[in-house]
Amino acid sequence: MTAQPALTQPTFVQPIPTLRREGDQVLVLDQTLLPFRTETRTLRTLADAAHAIRSMQVRGAPLIGATAAYGVALALLHEGSEDAALGRALQVLGATRPTAVNLHWALARMARRLRPLARAERLDAAWAEAEAIRADDAATCDAIGRHGLAIIERIASRRPGPVRLMTHCNAGWLATCGAGTALAPIYAAQAAGIAVEVFVSETRPRNQGLLTEWELRAAGVPHTLIADNAAGLLLMQGEVDMVITGADRIAANGDTANKVGTYLKALAAQAAAVPFYIAAPHSTLDFACPDGRAIPIEDRGADEVCVLRGLADDGTLAEVRLAPASTRAANPAFDITPAALISGIVTERGIAAAGELATLYPEAAR
Ligand code: MRU
């Protein structure tokens, strides 16, 4: 375990801001249109913010949390700063998505800051606290990148050729207010001149791997898109040096919820003796949750499994039905990777074994 407490100013600049305040509005990059269109949505109200999170216009655990914080400010702006309005905002935003604990972490931080204040002070304080959460996330991502870089450097020093990584879902800049979590070490390696190659799994059913592919292509990081089910073979064939993914909630014992399919990669990585790392900020740690069985898993409904979205020949975004509407389909959006399968968790304070995060965060674990 290595510990490094201080966070410095972030060095990574997002190519397009995922989230920013403009006066009394909040602008977000609409991720439901990527990788084909880059359009910004304007959030004006609490309902807009809740819809953006629920519909996955914004997604990724840290970005969901930051958006919810700005949603509280929008609620106070239009619905007043009374306790009832604040309570309603916290309740509405808290019900948008269940698994990523960053959402509840951000709302709890907003409540702690705002509840003791006089009503007249709450709106300004809400904007300031949301901005602090955004800035904190950007700095946190940079620090995760620095710690994760040490692992990539170690692998690079042991074998010739590029370091071959595999990731799942999207834990890049799109999922955060900064460089990302799992992709931050990869961007740091690229900046340090270390050659890397990334296997990107498409991540059915919402295909967030295509967002990762889009990010890496724009950044000039060599990568290959694979079907989710190809991961096991590539790991078995010795094509991968390290797997790294993000997380949506990490329980006290180190069990980790992340995008569905992560667990299968961890199993295959262990069978192939390939290190499997999780990268996550403090806002993803849930010390009140004893183990993975207590983590709520979002079910997003059959349509995401049975309907494919993509680009039609005429350049419009189109939907194609893969299975009849009457098809019975289950759609758990996350799975749990047991701590025993995780080689280490890369945080902004350093790297710890899963289940030993309390050594890095003694104040939170108490
Ligand atoms: O459903 P999503 O797209 O919000 O899920 C995202 C993930 O599972 C990410 O891996 C996780 O949130 C970490 S993002 C830094």
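User: Which residue does the UniProt annotation "active site" cover?

Analyst: The annotation, from an unreviewed UniProt entry, covers Asp-248. UniProt positions are given here in the numbering used for this structure, feature names are shortened, and annotations may be inferred rather than shown by experiment. Residues are numbered from 1 along each chain as its sequence is written. This is a predicted model, in which local features need pLDDT of at least 70 and side-chain atom pairs count only at pLDDT 80 or more, while totals for chains, interfaces and linings use all residues.

User: Why is Asp-248 called buried?

Analyst: A residue is buried if 20 or more other C-beta atoms lie within 10 Å of its own, exposed if 12 or fewer, and partly exposed in between, with C-beta atoms placed from the backbone. Asp-248 has 30 other C-beta atoms within 10 Å, so Asp-248 is buried.

User: Where does Asp-248 lie, and what does Asp-248 touch?

Analyst: Asp-248 lies in the loop between β8 and β9 (249–251). Helices (H or I, at least four residues) and strands (E, at least two) are DSSP runs, numbered from the N terminus. Leaving out residues up to four places away in sequence, Asp-248 touches Ala-61, Thr-99, Ala-100, Ala-257, Asn-258, Thr-284 and Phe-334. Two residues are in contact if their C-beta atoms, placed from the backbone, lie within 7 Å.

User: Which residues does the "binding site" annotation cover?

Analyst: In the unreviewed UniProt entry, "binding site" covers Arg-59, Gly-60, Ala-61, Arg-97, Gln-208, Asn-258 and Lys-259.

User: Is Gly-60 buried or exposed, and how do you know?

Analyst: Gly-60 has 30 other C-beta atoms within 10 Å and is therefore buried. Its place is in the loop between α1 (46–54) and α2 (61–79). Beyond four places away in sequence, Gly-60 touches Asn-170, Ala-171, Leu-174, Ala-175 and Thr-176.

User: What makes Ala-61 count as buried?

Analyst: Ala-61 has 27 C-beta neighbours inside 10 Å, so Ala-61 counts as buried. Ala-61 is found in helix α2. With residues up to four places away in sequence not counted, Ala-61 touches Ala-100, Asn-102, Gly-246, Asp-248 and Thr-284.

User: Which residues come nearest to the ligand?

Analyst: There are 19 residues around the ligand, and Arg-59, Ala-61, Ala-175, Gly-246 and Lys-259 come nearest. A residue is near a molecule or strand if its C-beta atom, placed from the backbone, lies within 6 Å of it. Both α2 and β10 (256–259) supply at least two residues of this shell. By class, the shell has eight nonpolar, eight polar and three charged residues. For these classes, Ala, Val, Leu, Ile, Met, Phe, Trp, Tyr, Cys and Pro count as nonpolar, Asp, Glu, Lys and Arg as charged, and the others, Gly among them, as polar.

User: What does each domain give to the shell around the ligand?

Analyst: The shell draws at least three residues from each of domain 1 (19–136) and domain 2 (145–360). Domain bounds come from an automatic or database domain assignment.

User: How many residues of domain 1 are in contact with domain 2?

Analyst: 23 residues of domain 1 are in contact with 27 residues of domain 2. On the side of domain 1 that touches domain 2, α2 and α4 (101–114) each supply at least two residues. The largest share of that side, five residues, comes from α2. That side divides into 15 nonpolar, five polar and three charged residues.

User: Why is Ile-226 called partly exposed?

Analyst: Ile-226 has 16 C-beta neighbours inside 10 Å, so Ile-226 falls in the partly exposed class. Ile-226 lies in strand β7 (residues 223–226).

User: What makes Arg-20 partly exposed?

Analyst: Arg-20 has 17 other C-beta atoms within 10 Å and is therefore partly exposed. Arg-20 lies in strand β2 (residues 19–22).
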